[in-house]
Amino acid sequence: MSSEVTDTDREARWPRLVFQGLLAVLMLIPVTLPVPVLRVLVHERFGVSEFETSLFMSVNMLGAVLAAPLLGALADRWGQRKRILLWALLLDSLCFFLLMSPVSFPVFMGVRFVEGAAHITALSMLLSIASTSVPSEHRGRALGLVGAGLLLGVALGAPIGGWLGHSDPLRPLLAGGFLLLVTMGLATVFLQDSDLRE
């Protein structure tokens with residue numbers, strides 16, 4: 001009887017794991033959408049050097065490196081990983097929209113820094129939720145599905161961004177912002193988590 005319950009529980013977890021993988025895909029697509037139009041989006045738009053143009057892809061990673069341990073510690077203390085994830089996705093989306101605004105280059109890069117911090121926060125919370133959504137002996141499959149989703153999102157982002165940005169280099173940013181809002185909506189309704197303090 002107990003083995004039957006275990007099998008049923010295992011089957012019931014698969015939709016949750018697949019959904020977590022889908023969220024990972026949707027979170028990572030916006031990251032690489034601007035890559036094909038980077039020269040027009042940054043170099044020609046602001047008239048900056050090649051080095052400063054390349055910083056667009058680095059400054060968000062710096063934001064991510066600084067934010068990840070701080071927000072991870074907050075999640076450990078607060079326990080509300082889903083709430084943190086949702087707010088991070090909202091902030092990430094707003095940053096994408098702000099990157100389309102007629103701002104100075106330093107402000108543009110500052111927004112990009114915040115965007116990286118918001119993105120890694122949402123992603124870290126998703127990984128944390130995935131790692132505790134199954135018993136420890138099945139944690140590998142949960143993280144494997146999320147990892148596959150991350151790679152698929154990266155692979156899809158660049159070609160979609162090239163297609164979207166062919167006529168307008170700001171369109172990948174617009175699409176990325178809306179996609180993050182859609183991801184937030186899906187996570188709000190369907191993502192399940194438990195309070196770490198329980």
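Predicted model: local features only at pLDDT ≥ 70, side-chain atom pairs only at ≥ 80, totals over all residues.
A search of the whole structure finds 3 salt bridges. In one of them, Arg39 pairs with Glu50, the closest N and O atoms lying 2.5 Å apart; since Arg39 belongs to helix H2 and Glu50 to helix H3, the pair ties together parts that are 11 residues apart in sequence. Both partners are partly exposed, Arg39 at 43% relative accessibility and Glu50 at 46%. Another salt bridge joins Arg81 to Asp193, with 2.4 Å between the closest N and O atoms, and this pair links distant parts of the chain, as Arg81 is in helix H5 (residues 81–98) and Asp193 is in the segment after H8, 112 residues apart. Here Arg81 is buried, with a relative accessible area of 1%, whereas Asp193 is partly exposed at 29%.

The side chains of Arg112 and Glu115 also meet in a salt bridge, at 3.0 Å from N to O. These two residues are 3 apart in helix H6, and are therefore separated by about one helical turn. Arg112 is buried, with a relative accessible area of 1%, and Glu115 is likewise buried, at 2%. Both residues of this pair are among the contacts of Asn60, which, leaving aside neighbours within four places in sequence, touches Arg112, Phe113, Glu115, Gly116 and Ala117. Asn60 itself lies in helix H4 and counts as buried, at 10% relative accessibility.

In helix H2 (residues 38–46), the buried residues are Leu38, Leu41, Val42 and His43. Viewed down the axis of H2, these residues fall within an arc of 150°, so they line one face of the helix. They pack against helix H3 (50–54), helix H4 (56–78), helix H6 (105–131) and helix H8 (171–190). Just after H2, Gly47 adopts a positive phi of about 65°.

Thr32, in helix H1 (residues 2–32), is buried, with a relative accessible area of 12%. The side chain of Thr32 reaches the backbone nitrogen of Ala158 at 3.5 Å, and, apart from neighbours within four places in sequence, Thr32 is in contact with Gly153, Val154, Gly157 and Ala158.

On the surface, Leu152, Leu156, Ile160 and Trp163 form a nonpolar patch, with about 400 Å² of accessible area together.

Notes:
Residues numbered from 1 in each chain as written. Heavy atoms only, no water. Patch = residues over 30% accessible without salt bridge, like charges linked within 9 Å, V, L, I, M, F, W, Y side chains within 5 Å. Areas by Shrake-Rupley, 256 points an atom, 1.4 Å probe, with all protein chains shown as cover. Salt bridge = Lys/Arg side-chain N within 4 Å of Asp/Glu carboxyl O. Helix = DSSP H or I, 4+ residues; strand = E, 2+ residues; numbered from the N terminus. Buried < 20%, exposed > 50% of the residue type's maximum accessible area, 1.4 Å probe, protein only. Polar contact = N/O pair within 3.5 Å; in protein donor to acceptor, adjacent residues only side chain to side chain. Contact = heavy atoms within 4.5 Å. Arc of directions from axis to C-beta.
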